[in-house]
Amino acid sequence: MTEIRDTGRSELRIGPFALPSPVVLAPMAGVTNVAFRTLCRELEQARTGTTSGLYVCEMVTARALVERHPVTMHMTTFAPDESPRSLQLYTVDPATTYDAARMIVDDNLADHIDMNFGCPVPKVTRRGGGAALPYKRRLFGQIVAAAVRATEGTDIPVTVKFRIGIDDAHHTHLDAGRIAEQEGAAAVALHARTASQRYSGTADWAEIARLKQHVTSIPVLGNGDIFDAADACAMMASTGCDGVVIGRGCLGRPWLFAELSAAFTGTPAPTPPTLGEVADIMRRHGALLADHFGQDKGMRDMRKHIAWYLHGFPAGADLRRALALVKTLDELDALLSQLDRDVPFPAAASGPRGRQGSPAAVSLPDGWLIDPDDCTVPAGADVMHSGG
């Protein structure tokens with residue numbers, strides 16, 4: 001692994017929060033729950049002596065939050081020592097946005113609100129939500145303004161994440177960045193892909209640079225194709241962005257934030273874990289999931305992480321199959337004990353991971369592209385629960 005020394009960048013400031021490491025964990029549905037965030041923070045603390053980035057929880061739907069849906073409320077669980085507590089909202093309606101943000105303020109649910117306008121999932125975009133919504137620039141502005149208005153007089157910053165646009169013919173990121181800045185957002189983050197790309201192809205970092213030149217009074221963060229510390233430093237050097245957002249790169253590699261922290265603070269890079277150390281991390285992850293969900297659901301949730309953890313390592317087909325069906329912590333322990341603890345971290349375990357998929361035409365409501373200044377709230381889009 002390449003050791004990256006001090007990049008010369010100052011800390012990232014988002015509202016009142018000064019982050020020594022300009023790194024944000026991207027909200028990922030079914031991944032960035034309190035168990036995963038705790039593990040990332042523990043590993044950064046153990047390897048660097050500090051927790052210096054921002055760890056964002058799974059996206060929650062504003063309407064479900066306001067209605068206090070039990071599953072949604074459980075998703076907003078934070079560890080007792082987690083600070084700042086960062087919550088991402090999916091929203092399509094200014095009124096519901098205001099109500100959700102006021103609830104976060106009044107109930108002290110979080111210290112930071114991030115807003116998701118990047119989801120490319122067809123069941124979301126076909127109703128005008130997620131990555132489709134910034135095309136309706138006035139409605140987008142009203143939603144951002146509602147969240148900012150609801151948090152006025154508090155120390156809770158509002159940030160906004162979006163994509164380049166719907167497709168190559170409909171870029172929205174420069175308008176979205178300008179509008180978010182004008183409406184009082186504390187920072188913006190760009191996933192440098194269009195909705196039609198989904199997670200395929202290559203992120204266009206040049207568009208992050210364009211956004212940075214366009215938005216000058218608040219931090220601009222870049223997201224897309226960061227799989228190690230060298231990638232993060234390269235993105236910041238080539239685009240001038242103020243920080244990076246890490247998504248798929250940390251799947252099965254929760255220690256990545258320690259490596260990023262070391263790179264950005266100029267401290268020695270941690271040694272990549274052996275297979276035995278990875279097994280210990282997997283065991284800890286399983287225990288945290290069992291605490292959060294109960295053992296049955298926790299182990300079912302753990303199964304997808306196991307494949308990411310073992311990516312590139314020699315484990316054997318039979319053991320992988322058994323781990324993919326693990327049901328209890330004791331069974332997880334017994335299976336992990338069969339791994340060769342001395343195997344060093346292999347080169348094959350580095351690089352891209354997670355969903356890739358293929359580009360596809362974006363599903364949109366009928367007539368969606370006719371009038372970008374139409375402020376009609378998308379019908380039914382606020383019941384969606386998928387992240388992007």
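Author: We can begin with the space inside. The largest cavity has a volume of about 120 Å³. Keep in mind that this is a predicted model.

Reader: How is empty space found?

Author: Rolling a probe the size of a water molecule over the atoms shows where empty space is left. Here, a search of the whole structure finds five cavities of 30 Å³ or more.

Reader: Which residues are the closest to the centre of the largest cavity?

Author: Val-24, Asp-114, Thr-159, Ala-189 and Leu-221 are the closest, out of 16 residues that line the largest cavity. The elements giving two or more residues to this lining are β4 (54–61), β6 (112–117), β7 (158–163) and β10 (187–191). By class, the lining has 12 nonpolar, two polar and two charged residues.

Reader: What is the volume of the largest pocket?

Author: The largest pocket has a volume of about 330 Å³. Its lining consists of 25 residues, and Met-28, Tyr-199, Gly-247, Arg-248 and Arg-355 lie nearest its centre. The lining of the largest pocket divides into 11 nonpolar, eight polar and six charged residues.

Reader: Which residues line the second largest pocket?

Author: Among them are Gly-30, Asn-33, Glu-58, His-74, Lys-297 and Asp-301. The volume of the second largest pocket is about 200 Å³. Helices α3 (70–75), α11 (275–293) and α12 (295–309) are the elements that give two or more residues to its lining. That lining has three nonpolar, four polar and four charged residues.

Reader: Two of those helices are next to each other in the numbering. How do I describe a pair of helices?

Author: Two packed helices are described by the angle between their axes and the distance between the axes. For α11 and α12, the angle is about 150° and the axes are 8 Å apart. Angles over 145 degrees count as roughly antiparallel, so α11 is roughly antiparallel to α12. The crossing of α11 and α12 is right-handed.

Reader: Which residues of α11 meet α12?

Author: Val-278, Ile-281, Met-282, His-285, Gly-286, Leu-289, Ala-290 and Phe-293 do. On the α12 side, the residues include Gln-295, Met-299, Met-302, Ile-306 and Tyr-309. The contact of α11 with α12 divides into 10 nonpolar, five polar and two charged residues.

Reader: At what angle do α1 and α11 cross?

Author: The axes of α1 (residues 34–48) and α11 cross at roughly 140° and come within 8 Å. That angle makes α1 oblique to α11. The crossing of α1 and α11 is right-handed. The α1 residues in this contact include Val-34, Phe-36, Leu-39 and Leu-43, while those of α11 include Ile-281, Leu-288 and His-292. By class, the contact of α1 with α11 has eight nonpolar, three polar and three charged residues.

Reader: Now the backbone. Is the peptide bond from Ser-83 to Pro-84 cis or trans?

Author: The bond from Ser-83 to Pro-84 is cis, with omega near -5°. Pro-84 is in the loop between α3 and β5 (86–90).

Reader: Where is Asn-108 found, and what is its phi?

Author: Asn-108 is in the loop between α4 (94–106) and β6. Its phi is near 55°, a positive value in a residue other than glycine. Arg-198, too, has a positive phi, near 55°. The place of Arg-198 is in the loop between β10 and α8 (205–214).

How values were computed: Residues are numbered from 1 along each chain as its sequence is written. This is a predicted model: local features need pLDDT of at least 70, side-chain atom pairs count only at pLDDT 80 or more; totals for chains, interfaces and linings use all residues. Side-chain values use heavy atoms; hydrogens and water are left out. On a 1 Å grid over the protein atoms alone, a cavity is a set of points where a 1.4 Å probe fits but cannot get out, and a pocket is an open set with protein on both sides within 12 Å along at least five of seven lines; lining residues have an atom within 4 Å of a point. Grid points are joined across faces, edges and corners, and a volume is the space filled by probe spheres set on the points. Helices (H or I, at least four residues) and strands (E, at least two) are DSSP runs, numbered from the N terminus. Ala, Val, Leu, Ile, Met, Phe, Trp, Tyr, Cys and Pro count as nonpolar, Asp, Glu, Lys and Arg as charged, and the others, Gly among them, as polar. Axes are lines fitted to C-alpha atoms, for helices over the stretch in contact, and angles run from 0 to 180 degrees between N-to-C directions. Angles under 35 degrees count as roughly parallel, over 145 as roughly antiparallel, 65 to 115 as roughly perpendicular and the rest as oblique. A crossing is left-handed if the near helix is turned anticlockwise from the far one by less than a right angle, and right-handed if clockwise. Contact means heavy atoms within 4.5 Å.
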